[in-house]
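Hi,

Here is the structure I said I would pass along. Have a look, and my notes follow below.

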Amino acid sequence: MIEVNNLSFEIDGKQILENINIRIDKNKIFGIIGPNGVGKTTLLRCLTGIYKGTSGNVFYDGQDVYDNIDVKNKIGYVADENIMQTNFKVSEILKYYKYSYKNFDEKKFNELNKIFKVQTNKYIFQLSKGMKMRLSIMLAFSIHAEYLILDEPTSGLDAILKNKLLKIFADEVFENGITIIISSHHLNELERICDDVAILDKGIVTYENSVENMKNKIKKIQVAFDEPVYEEDLKLKGIFRISRVGRVFTIITDEYDEEFIKSLEKFKPLFIEEIDLSLEDIFIYKVDKEDNDEKIFK
């Protein structure tokens, strides 16, 4: 289990992360989503022990990750940009990993490379962004890490490779019991594979839940009433966005259940239409709480 306890991080007096508390169970895929510049990469680097929090701790099975070789041997990290020496050949990087990681499995690397097709005789600087990402992913899997921390791992990959990679993620969790923490802007991909998701906004975790619960509890409701009903009448538990066109109200709630429907039925609606939301829809409604389109285009 990964425990993030009251983690804060600042650089030159600027607060990047503030009081982060997360629990990530083993054998799960945990997604971290949020707008650009809210601290997702910083949080991942704190999870790997690259950064030490200004306050708080990150524990793996009860051990602090920072400056702890035993814990870091359990972690595979894929950065969102190349962090390997560009004047090394791929084959030389493999030798480095053999010396650095006692569990490095060249056979597994070669098996994965049948899918990802990175030429081992090339220098790192000769590889495209997508090829560098492929290499990083294969190396992370080949050390038999218990925990994989991935920052935009599908960046630069084509649709076919993305699909294969997502399947590999799911298979690794199911077959080998690893835990994956993944940050990505491709929310449709995360929706397919993640067990749990946390939304990070302005350095704070603003929402955390399982994907299944999110999709069951967060709904868009369209409802119309025969008798006059106003927005201020509909101050029901869980509503965090509401708009109206004529007699039709569009409501976004994160407390959708039978009790919520009964509360609406007290106003004698003509109809109630439930609309399922994708993870991307949920993210937009949770983070962008204001309808600014009209102002922008005036």
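Strand S4 (residues 55-60) gives the largest share of the lining of the largest cavity, 3 residues; helices (H or I, at least four residues) and strands (E, at least two) are DSSP runs, numbered from the N terminus. Bear in mind that this is a predicted model, where local features need pLDDT of at least 70, side-chain atom pairs count only at pLDDT 80 or more, and totals for chains, interfaces and linings use all residues. Residues are numbered from 1 along each chain as its sequence is written, and side-chain values use heavy atoms, with hydrogens and water left out.

Back to the cavity: searching the whole structure turns up 1 of 30 Å³ or more, and the volume of the largest is about 70 Å³. (A cavity is a set of points on a 1 Å grid over the protein atoms alone where a 1.4 Å probe fits but cannot get out, and lining residues have an atom within 4 Å of a point; points are joined across faces, edges and corners, and the volume is the space filled by probe spheres set on them.) Its lining includes Leu 7, Tyr 51, Asp 64 and Tyr 66.

Now the helix side. Ser 136 sits in helix H5 (residues 129-142) and is buried, at 16% relative accessible area (buried means under 20%, with a 1.4 Å probe and protein chains only). Beyond its neighbours within four places in sequence, Ser 136 contacts Val 78 and Met 84 (contact means heavy atoms within 4.5 Å). Not counting residues up to four places away, Leu 139 touches Met 84 too, along with others including Ile 93 and Phe 104.

Cheers

Conventions
1 Å grid on protein atoms, 1.4 Å probe; cavity = no way out; pocket = protein on both sides within 12 Å on 5 of 7 lines; lining within 4 Å. Buried < 20%, exposed > 50% of the residue type's maximum accessible area, 1.4 Å probe, protein only.
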